[in-house]
Amino acid sequence: MIVKPSDIIYHIIGVELDNPNLSVESDGLTDARNAHTDWQMGFTVNKKINSKKLIEGIAKESKLFPFFKGNKLSFNSILDVYTSADFEIKDSDVISYKFDRTKIEDIKTKVILNYYLDYSTDDFKKSTESNNQADTAEEFFNGYSNDYYGIEGEQGDDPIEVKYIRHDETVIKLQRFLLAWYCNQHNICK
């Protein structure tokens, strides 16, 4: 059974869509597989579905950014740790620059996921909130404090609907990834 998001996308494009000329950029696929250790996607396709929408949905519920270079499938993956060797901007490449920061109101300190879609009723059977799982940055990350940013209470949006995950540990990994993405104010260099 194929359960990793990168392998599902590769299978859909290469096998289900019968693309005999497809090749895959092996380093990108390896990085994508490593970035999703122990992630398990699970879903049922109960009617005709647009393959592009399915791939977009799976990518949205993971740390993947799939793309094509010519006829070669590749993946950019969000890694857990980056070093200076992973990126470099040369002075000679910069014409002008501007620094900015994430707006305080865009910081999310609480993320709730509704998951395990019941296809017969089109309802979600589980929620990270109702399962008494951690759903705030302060619960997930040691030393994180809303007070640092002057945030009182928790900031979050409506629950996020996750259609392609049924596995409890995978939804916790996605929740932690989304919190890490949104719970800090980031410097933005343009």
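These questions and answers go through a predicted model and the reasons behind its labels.

Q: What makes Arg33 and Asp7 a salt bridge?
A: Their closest N and O atoms are 2.6 Å apart. The cut-off is within 4 Å, between a side-chain nitrogen of Lys or Arg and a carboxyl oxygen of Asp or Glu. The pair therefore counts as a salt bridge.

Q: Which parts does the pair of Arg33 and Asp7 tie together?
A: Arg33 lies in helix α2 and Asp7 in helix α1, so the bridge ties together parts that are 26 residues apart in sequence.

Q: Why is Arg33 called partly exposed?
A: Its relative accessible area is 32%. Buried means under 20% and exposed means over 50%, so a value in between is called partly exposed. Asp7, in contrast, is listed among the buried residues of α1.

Q: How do you know that Glu56 and Lys53 form a salt bridge?
A: The N to O distance is 3.9 Å. The limit is within 4 Å, so the pair qualifies.

Q: Where do Glu56 and Lys53 lie?
A: Both are in helix α3, 3 residues apart, about one turn of the helix. An α-helix has 3.6 residues a turn, so residues three or four places apart point the same way.

Q: What makes Lys53 exposed?
A: Lys53 has a relative accessible area of 54%. Glu56 has 37% and is partly exposed.

Q: What makes Asp157 and Lys108 a salt bridge?
A: The closest N and O atoms are 3.6 Å apart. That is within 4 Å, so the label holds. The pair links distant parts of the chain, 49 residues apart. Asp157 is in the loop between α4 and β7. Lys108 is in the loop between β4 and β5.

Q: Is Lys108 buried or exposed, and why?
A: Lys108 has 15% relative accessibility. Buried means under 20%, so Lys108 counts as buried.

Q: How many salt bridges does a search of the whole structure find?
A: The search finds 5.

Q: What covers the buried residues of α3?
A: The cover includes α1 and β2. The buried residues of α3 are Leu54, Ile55, Gly57, Ile58 and Ala59. For the buried residues of α1, the cover includes α2, α3, β2 and β3.

Q: How do you know that β2 and β3 pair?
A: There are 6 bridges between them. Pairing takes at least two, so these strands pair. They run antiparallel. Phe67 stands opposite Ser74 in β3. The hairpin of β2 and β3 has 2 residues between the strands, and Gly70 takes a positive phi near 65 degrees there.

Q: Why do β1 and β3 count as a pair?
A: They are joined by 2 bridges and run parallel. At least two are needed, so β1 and β3 pair. Ser23 stands opposite Lys72 in β3.

Q: What lines the largest pocket?
A: The pocket has a volume of about 450 Å³. Of its 15 lining residues, the closest to its centre are Ile78, Leu79, Asp80, Phe177 and Ala180. Helix α5 gives the most to the lining, with 6 residues. By class, the lining has 10 nonpolar, 1 polar and 4 charged residues.

Notes
Residues numbered from 1 in each chain as written. Predicted model: local features only at pLDDT ≥ 70, side-chain atom pairs only at ≥ 80, totals over all residues. Heavy atoms only, no water. Buried < 20%, exposed > 50% of the residue type's maximum accessible area, 1.4 Å probe, protein only. Helix = DSSP H or I, 4+ residues; strand = E, 2+ residues; numbered from the N terminus. Contact = heavy atoms within 4.5 Å. 1 Å grid on protein atoms, 1.4 Å probe; cavity = no way out; pocket = protein on both sides within 12 Å on 5 of 7 lines; lining within 4 Å. Points joined across faces, edges and corners; volume = space filled by probe spheres on them. Nonpolar A, V, L, I, M, F, W, Y, C, P; charged D, E, K, R; others polar.
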